Amino acid sequence: MVKKHIYPIVLAISAVSIVYTFIGSTSSQGKPETHNIRPLQPKAIAIPMPKLKDSTVLNTVEQYESYKIDSFFHVLSKRSKFNGNVLVAHNGKVLYKGSFGVSNYKTKDQLSDSSEFQLGSVSKQFTAVAIMMLKEQGKLDYNDTIQKFYPEFPYKGITVGMLLSHRSGLPNYMYLCGNVCTDQKTPMDNQQVVQMLIAKHPPKYFPPNRKFDYSNTNYCVLAAIAEKVSGVSFAEFLRYKIFSPLGMNHTHIFDKTDTVIPNCVTGYNANYRAAGIDFLDGVTGDKGIYSTTDDVLKWDQALYTDKLLKQSTLKEAFSGHSRWVNQHNYGYGWRMVIFDHDTLIYHDGWWHGFNAAFMRDIKGKNTIIVLSNHVNWCINQSRDLLTMLREELPVEENNSNEAAVSTKSTRN
């Protein structure tokens, strides 16, 4: 019989063994946008658990899951140089929250719960909800063309819905601005980007609605439309309509007029060089939001309610608006992948030294939020936790008012 005083040692060895088994060989040279989700092997064995800090809110199974998640990210930190913050929740209850590494490699300041990370393209879902809010208010429609808001816009036939679903064919504004902007020290804003598209009129990539093509230009233009329709800056709109109502007090937008981000951490590229800021950081909608794991969880939980949008409206965001290709599709601001006979809703982010991974397992009521300030793509491996969470945590049957996730496509 194992003596009581060596239970922690048995636990540590078992947990680390499990983690090494299910993450396999981890490498810091992973690829972005990789979504293969592998089953975890083997299932956890029953071992008496020592008490966690604040473990009184977790039952025995949840405590054990917390220890395995902790081991997973410690291994990811050691073997793949993961640097960032993590939050994993089930049914809105935080199972695990942790910080790994530093906010600045030069000063060696440690990361904390209040550290704010650039979300990159995870910002797009906030833009989509802003547009859907304006749609609910009757101020725009998904079938409205861009010319309704910008009569001189040279690309005809592109609708708001096409922008939301990346089916516009618009050229990449970053390439355009990088080639023609003589002043690359002063931040640009969304209205300037729209005016540059009007003035320079670079060729579109394909006719409107022909196919899906992920492009930051779509969400840059959507944010500009939101400003036109609401009469306030995009940052103000999100602050008063989303961030403040949800108590997201550590979430901010970096734009042309406000470059101060409290508790902002420094982003680093793969070579550990600070990424810095450039003139394109003033453009929002496609990126630009800084937040914490706690605030992103508040956002996640609000999407199960009617606080921001009716569930019937939000359903559009979680419906595929293009063909399913290799079990992947895109909604309004969200990516989708078929997982365990269901649809997983997620989005990744990458911008100037920051990586973000945000997964919403609506069926299993699981949330995984990983924010990193060192780009090496290892955070994509965190998706491997989903199988473990689904197998070992029960789901309460209280799904009556949540948006359904559709596996049907609106395009052939």
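A residue counts as buried when its relative accessible area is under 20%, as exposed when that area is over 50%, and as partly exposed in between. In this predicted model, buried residues make up 56% of the 412 residues in the protein. The secondary structure comes to eleven helices and ten strands. Of the contacts with a separation of 6 or more, 71% are between residues 24 or more positions apart.

**Helix 6 and its two partners**

- Two packed helices are described by the angle between their axes and the distance between the axes.
- Helix 6 covers residues 190-200 and helix 7 covers residues 216-230. Their axes are 9 Å apart, and the packing angle is about 115 degrees.
- Angles of 65 to 115 degrees count as roughly perpendicular, and helix 6 and helix 7 are therefore roughly perpendicular to each other.
- The crossing of helix 6 and helix 7 is left-handed.
- On the helix 6 side, the residues in this contact are Asn-190, Gln-191, Val-193, Val-194 and Leu-197. They meet Thr-217, Cys-220, Val-221, Ala-223, Ala-224, Glu-227 and Lys-228 of helix 7.
- The contact of helix 6 with helix 7 has seven nonpolar, three polar and two charged residues.
- Helix 5 (residues 173-180) also packs with helix 6, at an angle of about 75 degrees and with the axes 11 Å apart. This angle makes helix 5 roughly perpendicular to helix 6.
- Tyr-173, Leu-176, Cys-177 and Val-180 of helix 5 meet Val-193, Met-196, Leu-197 and Lys-200 of helix 6. By class, the contact of helix 5 with helix 6 has seven nonpolar residues, no polar ones and one charged residue.
- Val-193 and Leu-197 of helix 6 take part in the contact with helix 7 and also in the contact with helix 5.

**Helix 3 and helix 8**

- Helix 3 (residues 124-136) packs with helix 8 (residues 234-243) at an angle of about 80 degrees, and their axes are 11 Å apart.
- That angle makes helix 3 roughly perpendicular to helix 8.
- Helix 3 contributes Phe-126, Thr-127, Val-129, Ala-130, Met-133 and Leu-134 to the contact. Helix 8 contributes Phe-234, Phe-237, Leu-238, Lys-241, Ile-242 and Phe-243.
- The residues of the contact of helix 3 with helix 8 divide into ten nonpolar, one polar and one charged.

- Helix 9 (residues 293-302) has ten residues, and seven of them are buried, so helix 9 is largely enclosed by the rest of the structure.
- The buried residues of helix 9 are Thr-293, Asp-295, Val-296, Leu-297, Trp-299, Asp-300 and Ala-302.
- Leu-87 lies in strand 1 (residues 84-90). With a relative accessibility of 0%, Leu-87 counts as buried.
- Leaving aside residues up to four places away in sequence, Leu-87 touches Val-94, Tyr-96, Lys-97, Thr-293, Asp-294, Leu-297, Thr-367, Ile-368 and Ile-369. Among these residues, Thr-293 and Leu-297 are buried residues of helix 9.
- Leu-87 and Ser-99 are twelve residues apart along the chain, and their C-alpha atoms are separated by 9.1 Å.

**Residues in loops**

- Most residues other than glycine have a negative phi.
- Lys-108 has a positive phi, near 65 degrees, and is not a glycine. Lys-108 lies in the loop between strand 2 (93-100) and strand 3 (117-118). Its relative accessible area is 53%, so Lys-108 is exposed.
- Tyr-272 also has a positive phi, near 70 degrees, in a residue other than glycine. Tyr-272 is found in the loop between strand 4 (252-253) and strand 5 (289-291). Tyr-272 counts as partly exposed, at 39% relative accessibility.
- Lys-365 lies in the loop between strand 9 (354-361) and strand 10 (366-372). Lys-365 has a relative accessibility of 7% and so counts as buried.
- Lys-365 and Pro-394 are 29 residues apart in sequence, with their C-alpha atoms 9.3 Å apart in space.

**Cysteines**

- The structure holds zero disulfides.
- Cys-264 is partly exposed, with a relative accessibility of 37%.
- Cys-378 is buried, with a relative accessible area of 1%.

Key: Residues are numbered from 1 along each chain as its sequence is written. This is a predicted model: local features need pLDDT of at least 70, side-chain atom pairs count only at pLDDT 80 or more; totals for chains, interfaces and linings use all residues. Side-chain values use heavy atoms; hydrogens and water are left out. A disulfide is a pair of cysteine sulfur atoms within 2.5 Å. Buried means under 20% relative accessible area, exposed over 50%, partly exposed in between (1.4 Å probe, protein chains only). Axes are lines fitted to C-alpha atoms, for helices over the stretch in contact, and angles run from 0 to 180 degrees between N-to-C directions. Helices (H or I, at least four residues) and strands (E, at least two) are DSSP runs, numbered from the N terminus. Angles under 35 degrees count as roughly parallel, over 145 as roughly antiparallel, 65 to 115 as roughly perpendicular and the rest as oblique. A crossing is left-handed if the near helix is turned anticlockwise from the far one by less than a right angle, and right-handed if clockwise. Contact means heavy atoms within 4.5 Å. Ala, Val, Leu, Ile, Met, Phe, Trp, Tyr, Cys and Pro count as nonpolar, Asp, Glu, Lys and Arg as charged, and the others, Gly among them, as polar.
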